[in-house]
Each structure stands twice: as structure tokens, then as C-alpha cells.
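Colleague: I'd like a close look at the side chains here, please. Tell me how they pack and pair up.

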Amino acid sequence: VADQSMPNVFVVDEEGDDEEEDEAEIALDGFDVQHKQKEVRDLVDRAVKFCASNPITKICRAFTHTKDFVEGELHIFLLDTKGVVYAHGEREDLLWKNLWDYKDSFGALAVQSIIKTAQAGPNWLTYEWGGAAKVSYVQKITIEDKDYVLGCGYYPHSKKYAAIGLV
């Protein structure tokens, strides 16, 4: 239940009525988490299909140098399982960099967490990137007999989800 005296602050009611809380969150924050996560998964699914029928050079070019896999703030990233960035829809400066030892501001090894999560099966994870909480959907894919991690994420506009994700 939203505390009307303090916008964007949520109080768990004793009855645990999550539906009211979700509706209040969307109304106060103007951010629909389920819709955003569907957009992310749809973009990842489209990227996976593209990877299944194209060579790595065409994949990297499409993910990094075109807008084919950029939808608003969403973009695809592709790393190998050793942390080398092969494609990034937002930051070309990261291409070919090994981010295996990248530590976020909390000292967590964010890229290693991304890779570990993807290797365990497609899943969501929250990590700090560029000073803000980021929620990404990642999965392992194989291209030309080599394993990669493909993902897409967003910066949650909901302070509640950003705080929960970092706990």
C-alpha cells in the first residue's frame, strides 16, 4: 500500500495485498516492471534467433553498429565466457575489452556474476553498472562452437526495485 504522504514509498500491509501495492507502484512511479521485462525478453529472443542464423562478424556488427537491436533505452550486449565484450549496443568503447575483473562500487565482480547467471540458465540478475542499479536478462548461447553470454538490461525507474535488487 502506498503511503500517500510520501510519494514512491511503500509500506507492506499486514494482509500482504501485493496487487494493490503493484497498482500503486505503477501509478506513483509511472513504471511498469512487467511490461519492461517483457520488452527485454522480446529483444533477447529476437537476438537469439538472429544469432542462430548468422556468423559472429555479422552478429557483432548488427548488435553494435546498427540500431536493429536497440529499442529506446534497451540494447543487446554479447560477451564471451571469459568476460571479453564482443558487442554492445550502447558503448562501442567497451568492444574487445576484458571486463572479467570489473568491480562495481560495492566491490562485487559484476561481469563474473552475469556470466555465472547465464551459464546456469536464462535468468534475471541485478547489479551495479555505471553507478546505478541495472536489471538484466542474460543467457548462454553458442555461436560457431563457442559459448557466449547474450543479454539486455534496463535501469529501473522504480526506487523500490532498485533497492530490493541491490540487497
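Modeller: Happy to! One term first: buried means under 20% relative accessible area, exposed means over 50%, and partly exposed is in between (1.4 Å probe, protein chains only). This is a predicted model, where local features need pLDDT of at least 70, side-chain atom pairs count only at pLDDT 80 or more, and totals for chains, interfaces and linings use all residues. Residues are numbered from 1 along each chain as its sequence is written, and side-chain values use heavy atoms, without hydrogens or water.

Let's begin with the packing. Leaving aside residues up to four places away in sequence, F69 touches (heavy atoms within 4.5 Å) L43, R46, A47, F50, A62, F63, L74, H75 and I76.

Now the cysteines. Searching the whole structure gives 0 disulfides (cysteine sulfur pairs within 2.5 Å). The C60 sulfur has its closest cysteine sulfur in C51, 8.5 Å away, which is too far for a bond. C60 is buried at 11% relative accessible area, and C152 is buried at 0%.

On to the charges. There are 7 salt bridges in the whole structure, each a side-chain nitrogen of Lys or Arg within 4 Å of a carboxyl oxygen of Asp or Glu. In one, the closest N and O atoms of K38 and D42 are 2.7 Å apart. K38 and D42 sit 4 residues apart in helix α2, so about one helical turn separates them, and D42 is partly exposed at 39%.

D80 and K146 form another salt bridge, with closest N and O atoms 3.5 Å apart. D80 belongs to strand β2 and K146 to strand β6, so this pair ties together parts 66 residues apart in sequence. D80 is buried at 5%, whereas K146 is partly exposed at 31%.

R91 also forms a salt bridge with D93, at 2.7 Å between the closest N and O atoms. R91 is partly exposed at 32%, and D93 is partly exposed at 41%. Finally, a network of salt bridges links K36, E39 and E73.

Key. Helix = DSSP H or I, 4+ residues; strand = E, 2+ residues; numbered from the N terminus.
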